[in-house]
Amino acid sequence: MPESDELHARIEELERKVFARLDRLEKIVLKDEAPSVQSESALAQSEIATVRVLDEAEEIKSETRQTLENIAAASVEVSPDILETQPSIPEQTATASASPQTLPEPLAPQETPQWIKNLTDIEWLTSRIGISLLLIGVVTTLLWLNDQPWVTDWMRLGLGYGVGAILMGLGLRLTANRPSFGQLLVGGGVAAGYITTFWGFFVLEAIPDITTIIIVFFITLLAYGISVWKEQTPLAYVGLLFGLLTPFIVQPEDPSIVALMAYISLVLLGPIAIYYSLGWNGLMLASSVLGWLIMAIVTFGISAAELPDRIEQFAVQGGILFALIGFGLVPLIKLFQERTQLNPAEILAEAANR
């Protein structure tokens, strides 16, 4: 910049003049000869020279002040040529340079997996060991009562269902304060209901096969309901597993394909409805895998046997159609609803008003 170089050169020249005048003044005022020895003419000349040097110093002072003002004005008013040639600074870079540099946040410590926490949690271990021992005690008690002639079969079944009901009631009561322990007790109560039902069918032979399937179905519905009410997903998995496997475990003497497909469809309807309302993807995946596996077993079993009548064919086709709608169409409807934020009830109400 030529103007800046010229101003710097001017300031350096003024500094040399000031230092030169000060040196002359020092030689005149503070020279080695004493003032008493000097003559009057020499003193007069000395005073005149001093006044002249001071005047020159004032002029240099005012000129220096004017030069500094020019420099300040030049630093504020930038010429257009400088603006054109100066590269523009990006806004983000300028903001980043103006703002104080932020230090990177320290990395959060890696969280320990839940299953490792459970293994080191004494309450978690003792509660599960305790409920396992309690169920073993229920089975042992039923075995002991089975050898006692004074105890009837209905008393044995009543004891098993009673223990399951007590566990379930205590679990529901403790869910508010201790959800983990309460959930475990509810699961133990549901398991006691399943164990007692299968005990009554296989060992006591006091419950018929169709009745056993009906009782298991209602216990499965109870597990679904408590799972949704308390938002406890393990109960829904337990109900799904026992509900689907019961017809193949019991194996009725007079099986009906129509009743079997209707039963399987009703058991699978629970997880589909829970998925649609609460969005439990894991339960939907498990029900889809088990449902298609059951459908395949039934279909191939019918193909290997004698050709069924037309009603049984329609039943199998209806079950497969139900699986296609439940596991294929319902997830698409839910995904579309989440993307578009549409409420089916509002759509139906609006269509009815029109």
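## Ground rules

A residue counts as buried when its relative accessible area is under 20%, as exposed when that is over 50%, and as partly exposed in between. Keep in mind that this is a predicted model.

## Two salt bridges

How many salt bridges does the count come to? The tally is two. Let's start with the pair in helix 7, which covers residues 153-174. Here the side chains of Arg156 and Asp153 meet at 2.6 Å, N to O. Three residues separate Arg156 and Asp153, which is about one turn of the helix. Is Arg156 buried or exposed? With a relative accessible area of 4%, Arg156 is under the 20% cut-off and therefore buried.

Lys334 and Glu338 form a salt bridge through their side chains, at 3.5 Å from N to O. Lys334 has 12% relative accessibility and so counts as buried, while Glu338, at 45%, is partly exposed.

## Helix 9 against helix 10

Now for some helix packing. Two packed helices are described by the angle between their axes and the distance between the axes. For helix 9 (residues 209-230) and helix 10 (residues 233-250), the angle is about 170° and the axes are 8 Å apart. Angles over 145 degrees count as roughly antiparallel, and helix 9 and helix 10 are therefore roughly antiparallel to each other. Their crossing is left-handed.

Which residues make the contact? On the helix 9 side they include Asp209, Ile213, Val216 and Tyr224, and on the helix 10 side they include Leu235, Leu240, Phe242 and Pro247. Sorted by type, the residues of this contact are 11 nonpolar, seven polar and one charged.

Where is Pro252 found? Pro252 is in the loop between helix 10 and helix 11 (257-278). At 19% relative accessibility, Pro252 counts as buried, because the cut-off is 20%.

Pro252 and Asp209 are 43 residues apart in sequence, yet their C-alpha atoms are 5.5 Å apart in space. Setting aside neighbours within four places in sequence, Pro252 is in contact with Asp209, Ile210, Ile213 and Pro247. Of these, Asp209 and Ile213 of helix 9 and Pro247 of helix 10 also belong to the contact between the two helices.

Methods:
Residues numbered from 1 in each chain as written. Predicted model: local features only at pLDDT ≥ 70, side-chain atom pairs only at ≥ 80, totals over all residues. Heavy atoms only, no water. Axes fitted to C-alpha atoms, helices over the stretch in contact; angles between N-to-C directions. Helix = DSSP H or I, 4+ residues; strand = E, 2+ residues; numbered from the N terminus. Parallel < 35°, antiparallel > 145°, perpendicular 65-115°, else oblique. Left-handed = near helix turned anticlockwise from the far one by under 90°. Contact = heavy atoms within 4.5 Å. Nonpolar A, V, L, I, M, F, W, Y, C, P; charged D, E, K, R; others polar. Salt bridge = Lys/Arg side-chain N within 4 Å of Asp/Glu carboxyl O. Buried < 20%, exposed > 50% of the residue type's maximum accessible area, 1.4 Å probe, protein only.
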